[in-house]
Amino acid sequence: MKLELVKSDITVIGGGLAGVCAAVSAARLGQTVSLINNRGVLGGNSSSEVRVWVCGATAHGTQRYARETGIMGEMFVENQYRNPEGNPYLWDLVVLETVRAEKNIQLFLNTDVHEVEASGHENERAIHSVTGWMMGSERKIRFESDMFIDCTGDGLVGFLAGAKYRIGREARDEYNEEWAPEIADDITLGSTLLFYTKESDRPVKYIPPSFAKDITKTTIPMKRVIRSGDSGCHYWWIEWGGETDTVHNNESIRDELWSVIYGIWDYIKNSGNFEADNMTLEWVGSLPGKREYRRFQGDYMLNQNDIIAQEPFGDRIAFGGWSIDLHPPQGMYSTESGSKHLYPDGIYHIPFRSLYSSNVSNLMFAGRDISATHVAFGTTRVMATCAVMGEAAGSGAALALQKGVSPRLLHRDYMKDLQQLMLRQDASIIGIAGDDPRDLAKTAEITASSTLNAIAVTIPSDTRPLHKDVGVLFPVSPSLETVDLLLDAEQDTLLEVELWHTGKGENYVPKQQVAVASATVAKGSRQWVKLGLPWQPDEACNAFVIIKANEAIRLYTTDKPLTGVLCFEKGPKPVVSSLLEDQQPDQPVVQWSMYGWNRQLTCLQITPATEAYSPKQVIDGYVRPYAGPHLWVSEEMSKGNPEWIQLTWKEEQKIAEIHLTFNDDVNEDLINLHHHRTVFETIPELVHTYRIEALIGDEWIVVAEQSDNHKRKRVHKLKEEMLSKQIRVWIEGTNGCLRAEVAEIRVYAL
């Protein structure tokens, strides 16, 4: 047996997506990091060992413009490019290579940390080291750092260090949470095992093992959806253990889940109720995917009211958008539905104070063990949200070390510095503008070869009956006068529309009615109908126009998307839970669905001209949609004629580094495994080929260029610092979009 000592600035324990993003963010900020994982692959519940798809703020397309950016966003986009079929082993490689790309990270796989050295009284403790055993290598390794980040999920490191924590459900009156039980208890969400199936070219028999459960003697066939062609996360409801201890009873929970999986497969194969003769099991998980255990206490406990109110925390460092998603304690045996969901009107914010311990001075955490109540945990627990919190924890740990302070003092004295640092890294923060005083682009005059100044979609590809209310969202900057719609009318009729404000800049559903309008439409086809909707909002924002259902009308539609413009269809009021009877809260993000409208629009023309796509948007500090698209968009590119955007200073600037952030359509819901397949491998709006030129003296010199780009953010570090008063970015081609689109340009000296 070898005894080893490893010293680094930061030790991250847990190699799920939270731990990966924490380690990578800290390493990119110059800190040395030890990343420790007790399994042989990274990715946690998303890995090939467990195979849960990575859900996040998009909520499978329910939330708009909500896909994560930063490190999690990089992995989403890279996986889509490399692995559009959702192979779980190729996803493992995307995660692994994200870590291996960082020279400041030492990676320790198959290393189980089970010892923690800490000292201090109950309310002011500090960790000195953690020790792990590397399985298969007979290496006992002691890790010493100034900062530790617990991303273990179960919170073992913080527990051993004496960090304050909770398990189970808080009482309703503690945080005034409507979904909390009257009396606190130890109940948690259970664990899940998944399985994969495949179709063979010949009949395949199945003899169940002796321990397979006869599910016909349970409530499962009556209360759960079972289909012969489903596998993987379609069976997320194979869940159990919430009424017991999900850690200490992990093995018995696994055995129970196995008995049900093999029983379900017996039911599918041998009951005669399914066409499954040629189907066989391809893979069955052996490592339960845990949902919940310890939740640490930070300086703030995120709760249900914060989620629903979308509380705009001054120390926000990440966002989520998944529903508050709670499951019955009995799991798969419950007579209730498998889950109940409650959505806010848009994404919600997560405070930095929920990512560090209230009583261990050098302990941070990210993932499902953050400082949140059980109810709030129902949404923060999904993996892409865990990942963006991981990036925030890693960034916070790095900056705290650089400032020589604890996370608590970092929050008190350097919160804006942390947020600006993260925005420079394209992290997932919404509603805070980048305002880096070192960014030279802020003082430049911005011009472009052309600019899209008209919201007009005029070339149809199809028609749709107006059987239901249709919503159209578009930016208003600075004002609105008229909306024209292209339609057919089967008879003389009255077209009615409503104009709504979406309220918060991060929301994309109707909130406040502004105006109504109507127009008499004569029987006829392919006619433009003008509706007067004059509006001068106090500041740039999004409008939501509701076109009221009318059986006599068909709208013309197009399959050519336009950034910043979305279409929706109004469905029935969603049911949160059958147990709530008539007390069903409104959930407009569910009721106004883009299902069937993704990347499709109704034909329309908006007046007057818009400033929403002007060149100055690339330096306004917003790198993703917020009360508008916040990016420069050119007119349609003609073949062989590139578009350009230019920065001009009054005096020569010392330039060493240029950051470009392109539009990767964060409205598009990407998935790492097998929930759905996206038809393209690269986001069409992403710039494919570009070059950067600088005016040196009287000559334009190419200082950087890129072809076959599929990434959202590119950082070009020049070989040597140069003097120039003009930089021009030439967009020579996209990955399918008709226009050049750039979200941000930053410029730095050494």
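**Close-up 1. Contacts of N507.** Leaving aside its neighbours within four places in sequence, N507 is in contact (heavy atoms within 4.5 Å) with Q310, D345, G346, I347 and T502. This is a predicted model, where local features need pLDDT of at least 70, side-chain atom pairs count only at pLDDT 80 or more, and totals for chains, interfaces and linings use all residues. Residues are numbered from 1 along each chain as its sequence is written, and side-chain values use heavy atoms, without hydrogens and water. N507 sits in the loop between β25 (493-501) and β26 (512-521). Strands (E, at least two residues) and helices (H or I, at least four) are DSSP runs, numbered from the N terminus. N507 is buried, because its relative accessible area is 3%; buried means under 20%, exposed over 50%, and partly exposed in between (1.4 Å probe, protein chains only).

**Close-up 2. An open sheet of four strands.** The strand order is β1-β7-β6-β5, with mixed pairing. Two strands pair if DSSP finds at least two bridges between them. The edge strands, β1 (2-7) and β5 (111-121), each pair on one side only. β5 and β6 (residues 124-134) pair in the antiparallel sense over 10 bridges. T111 stands opposite M134 in β6.

**Close-up 3. A nonpolar surface patch.** L156, F159, L160 and Y165 form this patch, with about 290 Å² of accessible area together (Shrake-Rupley method, 1.4 Å probe; for residues, only the protein chains shown count as cover). Patch residues have over 30% relative accessible area and no salt bridge; like charges are joined within 9 Å, nonpolar side chains (Val, Leu, Ile, Met, Phe, Trp, Tyr) within 5 Å. A salt bridge is a side-chain nitrogen of Lys or Arg within 4 Å of a carboxyl oxygen of Asp or Glu. Helix α4 (residues 156-161) gives the most, with three residues. F159 lies in helix α4. F159 is partly exposed, because its relative accessible area is 34%.
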